[in-house]
Amino acid sequence: MSRSRRAASPGSVRSGPAPKRWLWWMFAAALAAGAAFYAPQISHAVHRDRLKQMSEERLRVEVSARPADVDARYQFALALGRSGQHLDAIRELLTVLQRDPLRPEALNDLGALYLLEGRYYESLVSLRQALAARPNYALAYANLGRLHVATKMPFTAARELQRAVELDPNNIDSLIDLGEAYQRTLNYSQARQTYERVLKLRPNSQRARIGLGKTLFSLADYAGAESTLRQVLAANPSDASALSSLGRLKLETATTDEQLQAARDLLRQAVRSDAADPEGWYDLGRVAVKQRKPAQAVEFFRRATQLSPDHPGAHYQLGMSLQLAGKEAEGRRVLAEFRMTSLRSREQGQLEEQLYQNPKDWDAMARLAEIDLETGQLPIAALRCQQLGQGAPTHPKLPGLIAQLARKNAAAATSRPSASGSPGSTNPLSAPPSP
Amino acid sequence: MNSPLQQFSLTAHRVRRNHFAGLCVLSATSAILVGCGGRAKPEHSGSLLPPPARTGGGATGAFALKDSAEALGVRFKHSHGTSAPLTIVETMGGGCAVLDFDGDGRMDLFFTSAGQDFKQERQEPGSGLFRQTESGSFENVTAAAGLTIDTYAMGCCVGDYDNDGRSDLFVTGFGRNQLFHNLGGRFEDVTTTAGILHRPGQWGTGCSFVDIDRDGKLDLYVANYVVYDPAVPLCRTSNTMTGCTPNRYKTQRNELYRNLGGGRFEECAIPRGADDPSGAGLGVLSTDLNNDGWPEILVANDGTPNALLQNVKGKFKNIGDMAGIAYGETGAMRAGMGIDGGDYDGDGKMDITITNFFHEPNSLYRQRDFPFFEDHSYLSGVGTPSINRLGFGTVFVDLDQDGRPDLYAGNGHVFDNVHEFSDVATFEQLDLVLLNQGRGKFQEIAGGGAQPSLKSVARGVAAGDLNNDGAPDLVINCLGRAARVLMNQPTSPRHWLGVSLTGTRSNRSAIGARVEVTTQEGLQVREIRSGGSYCSQSDPRALFGLGGTVDPAQVKLTVRWPGGNRQSVKLSRLDQYLQITEEGR
């Protein structure tokens with residue numbers, strides 16, 4: 001019956017008992033059918049909600065009691081992951097995926113856990129599988145971006161994070177990571193816009209505020225940078241990151257001894273708040289250089305390089321300060337190593353650019369793997385070898401790379417305690433089991 | 001439904017980063033720049049150049065830089081092709097030279113121009129030679145002087161390589177370099193007969209005539225940039241395609257040509273340790289950093305460590321790393337473009353400035369005790385105003401004649417479409433004038449050029465006293481735009497002294513000579529140099545502003561010739577160009 005006819009005679013429904021009864025039965029039948037249809041799903045949702053409220057121990061009991069309950073196992077895996085038991089969490093997720101191979105959340109989480117464990121290839125495969133199962137899965141793109149940050153592909157990382165933010169524009173974590181990716185690629189204008197967007201969405205995000213402060217600093221907006229960083233310190237006066245950032249700002253704008261001293265005071269506060277922050281020690285060293293205290297500078301730079309062995313500025317300044325402190329031979333050695341590292345990083349940047357433009361540039365991939373092997377970045381080398389093996393299995397460099405990787409892995413394995421209980425193969429070239 | 005793991009900010013929490021590279025800005029102060037006195041008529045006769053008429057002997061140091069190219073007849077427009085966006089080859093621009101090619105005592109000008117299409121072997125000739133006439137205006141004499149340059153030209157440097165008393169010209173470029181022998185107002189291309197190499201894919205940039213072995217014959221150093229890959233003309237910056245940075249390409253080694261005499265050169269960079277294969281070379285500076293008489297060579301490298309080639313009796317060792325000039329303070333390989341040397345703090349030791357990329361401060365390396373330099377970019381006040389500009393040509397030049405070298409830097413971005421992905425950077429930019437305040441500090445003067453609002457895309461910058469009035473002027477080659485000639489017009493001129501040298505035992509151009517002037521106000525040091533800045537050549541004479549000094553008896557002038565001779569000269573009056581010939585031939 002058409003709407004117009006019903007509208008034309010609205011009173012007819014109410015006029016006789018027969019249609020009313022008929023409608024009532026129809027409604028009851030539909031309700032019954034709906035209930036029958038939705039009951040399992042409702043029950044499932046209720047069950048999942050209940051599982052989410054459970055502690056790790058309750059979940060462990062639940063999983064023991066009902067080993068086939070995929071939801072329980074999944075929640076248990078998350079609980080394990082949250083408490084830092086990554087390997088156990090991975091094992092649980094692999095079990096989940098054996099039973100439910102196309103579960104995108106599990107694939108994404110598995111990718112995230114592999115990334116935390118430095119198993120980059122497995123992470124890449126899992127995240128790609130998550131995206132195959134759910135093509136517009138923003139969080140998988142975000143984790144893919146984080147994976148590329150970890151594997152020193154900053155431009156590619158920015159691209160993946162951009163995609164994540166396009167799909168989920170209000171995800172604070174993805175936005176902040178994108179801001180950092182922009183900073184890393186010296187794209188300060190967009191970094192600033194991204195942090196400002198976060199602060200509109202979440203005005204109390206201190207991480208975004210610190211990122212904005214650093215970005216404004218890079219954009220030469222001193223006043224803006226200082227005011228932003230001071231807002232962070234107003235909320236938390238001992239925030240080490242804000243203190244060291246403000247200290248650096250003061251250091252780099254200092255033109256008098258008094259200003260240098262003020263920078264030094266801030267940086268001292270920063271390392272008191274977080275003695276594990278290499279940036280604070282590094283900048284304290286730079287202050288000492290400017291104050292012509294090379295021995296003290298050496299001490300600070302050594303501390304920074306111990307905390308962050310890849311810190312280019314600390315290595316460079318250490319070499320320079322050693323020379324000024326009279327340790328010329330050691331200084332020259334440190335500087336020679338630094339030069340090699342710098343030129344290698346230039347080449348890495350060049351190769352990444354090539355791969356960014358053409359992901360199937362297998363020669364670039366092979367050279368990157370060589371550099372990773374030279375620099376002891378074995379997990380990243382394994383990732384590149386895997387990608388090369390998949391994309392260009394007959395590449396002439398591949399056998400040599402695999403052999404070298406195996407040798408270096410074996411050497412590394414003998415020099416560290418065995419990782420017993422690690423799920424998956426210990427062979428770095430092994431891919432995770434296909435769900 | 002999101003799981004907590006999906007929210008992990010994994011790497012951000014794991015990786016501690018070296019936060020930020022650069023710093024901030026915007027403390028422009030304004031002093032100066034008003035008033036235009038009448039332009040002094042260039043005067044010259046024989047070995048003693050009479051001074052221009054002075055308007056008074058005040059000591060305020062005020063001056064104006066007036067853009068006078070059009071008025072002086074310097075109508076030159078750089079050409080580089082029309083790709084959009086510009087590739088790296090098209091965006092690097094060219095240099096300029098202040099030289100006296102006809103030996104009349106008046107400085108002439110030369111500008112390089114690239115051409116219409118760098119992919120072609122030969123270009124329509126566009127480089128320009130401008131002769132200064134007696135009236136002080138300039139006339140284009142390129143064709144008459146036989147200077148038909150059909151290469152995609154870039155850099156230039158000047159020196160009398162055959163000691164015949166005439167300034168010869170070397171022109172670098174993408175694809176080919178050229179050596180022009182000065183026959184007396186006319187030039188002859190002697191590239192091939194002189195033994196200058198033509199290497200496929202070569203990209204010559206900065207150059208310098210320098211007597212590396214002190215044999216009295218000028219050798220030649222040529223920086224090379226990168227190996228351009230035509231398959232990769234553009235790269236992605238943010239979401240926009242732009243010309244690539246040099247990091248996308250392999251670097252080229254540099255060349256060193258030893259002068260064999262008889263107009264012949266022999267390339268010997270590798271055996272002499274001067275090839276710097278890992279550098280993307282642009283600006284070249286030859287200067288005697290340790291004052292031992294053996295000139296060092298420095299190369300501003302783009303995105304690669306700057307080179308300091310220490311001269312050890314004619315052989316070189318790259319000590320840039322240990323000296324502290326290879327990198328920025330944070331260990332970052334900056335994008336070195338232009339370079340110059342000067343003793344900005346009056347301690348008798350040469351300091352170095354290098355211009356860098358946008359978001360990188362221009363570098364000021366203060367010489368501590370050779371070979372050690374300290375990065376004083378920020379401490380000196382040079383870093384902050386330069387951070388949001390992309391610097392190319394740069395010169396130490398005493399614009400206000402107070403006896404302290406100031407700094408001029410020409411600026412302009414390399415990406416012509418930078419506005420598409422940055423709301424901070426612009427293609428055209430203001431130049432930067434930093435006045436030396438003494439005690440190692442510089443202060444920016446608002447408005448880089450004559451008109452504060454005039455932005456351009458500066459590349460080569462050269463300094464020279466075009467009208468012989470003792471106030472140094474500036475010449476700027478701008479990418480794809482009209483050249484600029486900024487005439488320095490002191491509103492309260494100070495006394496000055498110019499020195500023009502002729503070597504006898506040393507090379508005739510006296511390149512490598514060190515000229516020291518001591519007054520009650522302190523020591524000033526200048527060197528006679530070839531090349532420098534960004535692919536450019538400044539005035540081959542030494543010019544000293546004398547600040548408050550008014551009595552010639554208070555001025556002590558000493559020349560240390562490239563061959564090692566020392567010669568003191570007594571002055572009877574100031575405000576003149578002294579012609580000094582090396583004694584003891």
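The exercises below, each with a worked solution, look at a sheet, a helix pair, a disulfide and some backbone features of a predicted model.

In this predicted model, local features need pLDDT of at least 70 and side-chain atom pairs count only at pLDDT 80 or more, whereas totals for chains, interfaces and linings use all residues. Residues are numbered from 1 along each chain as its sequence is written, chains are lettered from A and ligands numbered from 1 in the order in which they are written, and side-chain values use heavy atoms, with hydrogens and water left out.

**Exercise 1.** Find the order of the strands in the open sheet of four strands in chain B, and state which strands are its edges.

*Solution.* Begin with the terms: helices (H or I, at least four residues) and strands (E, at least two) are DSSP runs numbered from the N terminus, and two strands pair if DSSP finds at least two bridges between them. The order in chain B is S23-S24-S25-S26, with antiparallel pairing. The edges are S23 (339-342) and S26 (372-375) of chain B, each of which pairs on one side only. Next, take one pair: S24 (residues 351-354) and S25 (residues 363-369) of chain B are joined in the antiparallel sense over three bridges, and B:Ile352 has B:Tyr365 in S25(B) as its bridge partner.

**Exercise 2.** Describe how helices H21 and H22 of chain A pack.

*Solution.* Axes are lines fitted to C-alpha atoms, for helices over the stretch in contact, and angles run from 0 to 180 degrees between N-to-C directions. For H21 (residues 362-374) and H22 (residues 378-391) of chain A, the angle is about 155° and the axes are 8 Å apart. Angles under 35 degrees count as roughly parallel, over 145 as roughly antiparallel, 65 to 115 as roughly perpendicular and the rest as oblique; H21(A) and H22(A) are therefore roughly antiparallel to each other.

**Exercise 3.** Locate the disulfide of B:Cys157 and state which parts of the chain are tied together.

*Solution.* A disulfide is a pair of cysteine sulfur atoms within 2.5 Å. The sulfur atoms of B:Cys157 and B:Cys207 are 2.3 Å apart. B:Cys157 lies in strand S7 (residues 152-159) and B:Cys207 in strand S11 (residues 204-210) of chain B, so the pair ties together parts that are 50 residues apart in sequence.

**Exercise 4.** Which kind of peptide bond joins B:Phe370 and B:Pro371, and where does B:Pro371 lie?

*Solution.* The bond between B:Phe370 and B:Pro371 is cis, with omega about 10°, and B:Pro371 lies in the loop between S25 and S26 of chain B.
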